[in-house]
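Follow along with the structure if you like.

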Amino acid sequence: MSTFAELLLNGVSMGSVYALIALGFVVIFRATEVVNFAHASLLLAGGYVTATLHDDIGFWPALAVGIAGAAVVGAAVEFLVMRRYRGSDHSVLAIVTIGVDILLTTELTRRIGTDVLSLGDPWGDAVLTLGPISLAHTRIAAFVAAALLITVFLLAFRYTSWGVAMRAAAESPETAALMGVRLGRVSLGAWAVAGGLAAVAALFLTVFPTPGLERATSLAALKAFPAAILGGLDSTTGALVGGLLVGVTESLATGYQSELTFLGRGLGDLAPYLVMTVILLIRPAGLFGTKELARV
C-alpha cells in the first residue's frame with residue numbers, strides 16, 4: 001500500500017491539474033456569469049490536437065499548437081454561439097453550453113474512436129524514488145506547470161488591463177460598459193484563456209500512469225467541477241483551493257479503499273462530490289464565493 005506522504009503528494013499534483021480546469025470555469029463565470037458545461041470538450045480538443053501532431057512536429061510545438069487550438073475553439077464558441085444569446089437568462093446560457101459540449105464531444109470522440117492516443121510527452125514512465133515515496137516525473141511536472149500557470153494568471157488578472165477589465169465586468173457589467181470596458185472582448189478573452197488552460201490540463205490527465213487520451217478523458221472535467229463549486233464559482237483563489245481539496249480527497253480515498261470497503265467500491269470517484277456536498281451545506285456560496293445579499 002502506498003504511504004500517506006506518497007498519496008498526499010500525488011493528490012496535490014493531481015489537484016493542481018484540477019485547479020487549472022476549475023480556473024477555466026471560474027474565468028468564464030466571472031466574465032459572463034455563465035456556467036460553462038462545454039469545458040470538457042475544450043479539454044478534449046486541446047489534447048486531441050497535441051496527440052495528432054506530436055509525431056510530425058515534436059512534442060513541445062504540438063503542445064503549443066494544442067493550447068492555441070483549444071483557445072481558438074473557446075473563442076469561436078463565444079463569438080459564434082454565446083454572443084448570440086447575450087442578455088438571455090443564465091439557465092438558457094447554461095443549456096446552450098451543454099448543446100455545444102454535445103456537438104464538439106461527439107465529433108471528437110468520432111475521430112478518436114476506440115484508440116488510446118499518446119501525447120508524446122518527454123517524461124515517459126520515469127519515477128522519482130525518495131525512501132518509501134515514489135512519485136512519477138509526470139506528477140512533478142504537472143505540479144510545477146500548474147503552479148507557474150496559475151501564478152502567471154493571478155498576476156495578469158491583478159496587474160494587466162485585461163485583468164482590470166475582467167474584474168470590472170465581474171463587479172458590475174453595466175457600470176463597466178459605461179466606463180468604456182468592451183464586454184465582448186473580455187468575454188472572448190475569458191473563453192480563450194479557459195481553452196488554453198484546459199489543453200494543458202488535458203496533457204497531464206493523459207500521461208503516465210494513465211494510458212493516454214481516449215474518449216472518456218473529457219469526463220475528468222466533471223471532477224474539476226466540484227472543485228470550482230466548493231471553492232466558489234466567482235473566486236480564483238477558490239479554484240486553486242478547491243482543486244487541491246478534490247485531488248487530495250480523491251487520492252486518499254483511492255489509496256485507502258481497502259480499509260473503507262464498508263463504504264462501497266469506487267469511493268475515490270465519489271469522494272470529491274461528497275466533500276462538495278458537505279461544504280455547500282455549511283457555506284452555500286463555496287469556501288471563497290461571494291454571498292449574495294437580498295434586502296427584504
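I looked up F153 and found it buried, because its relative accessibility is 6% and buried means under 20%. This is a predicted model, so I keep in mind that pLDDT is the predictor's confidence in each residue. Next I checked the aromatic pairs, and a search of the whole structure gave eight. One of them joins F153 to W162. I noted 6.2 Å from centre to centre and 75° between the planes, an edge-to-face pair. W162 is partly exposed at 23% relative accessibility, whereas F153 is buried.

**Entry: W60 and W123**

How far apart are the ring centres of W60 and W123? I read 6.3 Å, with the planes at 85°, so this pair is edge-to-face. Then I looked for where the two residues sit. W60 belongs to helix α3, while W123 is in the loop between α4 and β1 (127–130), so the pair ties together parts that are 63 residues apart in sequence. W60 is exposed at 54% relative accessibility, and W123 is partly exposed at 22%. I also found that both belong to one aromatic cluster, together with F59 and F204.

**Entry: salt bridges**

I reminded myself that side chains of opposite charge can pair when their charged atoms come close. The structure holds four salt bridges, and I followed some of them. E78 meets R83 at 2.9 Å, N to O. E78 also bridges to R86, where the closest N and O atoms are 3.9 Å apart. Is E78 buried or exposed? I have it as buried, at 1% relative accessibility. R83, with 25%, is partly exposed.

My other stop was R110 and E107, whose closest N and O atoms are 2.7 Å apart in a salt bridge. Both sit in helix α4 (residues 90–112), three residues apart, so about one helical turn separates them. R110 is exposed, with a relative accessible area of 56%, and E107 is partly exposed at 31%. Going back to E78, I saw that salt bridges with shared partners join E78, R83 and R86 into one network.

**Entry: the largest pocket**

I turned to empty space. Rolling a probe the size of a water molecule over the atoms shows where empty space is left. The largest pocket has a volume of about 650 Å³. Its lining has 31 residues, and those closest to the centre are M14, Y18, R139, T210 and K223. Which elements give two or more residues to this lining? I listed α1, β2 (133–136), α8 (183–206), α9 (220–231) and α10. The largest share, six residues, comes from α1. Sorted by class, the pocket lining has 15 nonpolar, eleven polar and five charged residues.

**Entry: the largest cavity**

I also searched the whole structure for cavities of 30 Å³ or more, and there is one. About 40 Å³ of space lies in this largest cavity. Its lining is made of A19, L23, I150, L154, T236, A239 and L240. The elements giving two or more residues to that lining are α1 (4–32), α5 (137–159) and α10 (236–255). Here α10 gives the largest share, three residues. By class I wrote down six nonpolar, one polar and no charged residues.

Most residues other than glycine have a negative phi, and most peptide bonds are trans. With that in mind I looked for exceptions. E33 has a positive phi of about 60° although it is not a glycine. I located E33 in the loop between α1 and α2 (39–57), and at 36% relative accessibility E33 counts as partly exposed. What is the peptide bond from F208 to P209, cis or trans? I found it to be cis, with omega near 10°. P209 lies in the loop between α8 and α9.

**Entry: confidence**

The mean pLDDT of the protein chain is 88, and 95% of its residues reach 70 or more. Confidence is lowest in helix α7 (residues 173–178), with a mean of 82, and highest in helix α3 (residues 59–80), at 96.

Conventions. Residues numbered from 1 in each chain as written. Predicted model: local features only at pLDDT ≥ 70, side-chain atom pairs only at ≥ 80, totals over all residues. Heavy atoms only, no water. 1 Å grid on protein atoms, 1.4 Å probe; cavity = no way out; pocket = protein on both sides within 12 Å on 5 of 7 lines; lining within 4 Å. Points joined across faces, edges and corners; volume = space filled by probe spheres on them. Helix = DSSP H or I, 4+ residues; strand = E, 2+ residues; numbered from the N terminus. Nonpolar A, V, L, I, M, F, W, Y, C, P; charged D, E, K, R; others polar. Salt bridge = Lys/Arg side-chain N within 4 Å of Asp/Glu carboxyl O. Buried < 20%, exposed > 50% of the residue type's maximum accessible area, 1.4 Å probe, protein only. pLDDT = per-residue confidence, 0-100. Phe/Tyr/Trp six-rings, centres within 6.5 Å; stacked < 30°, edge-to-face > 60°.
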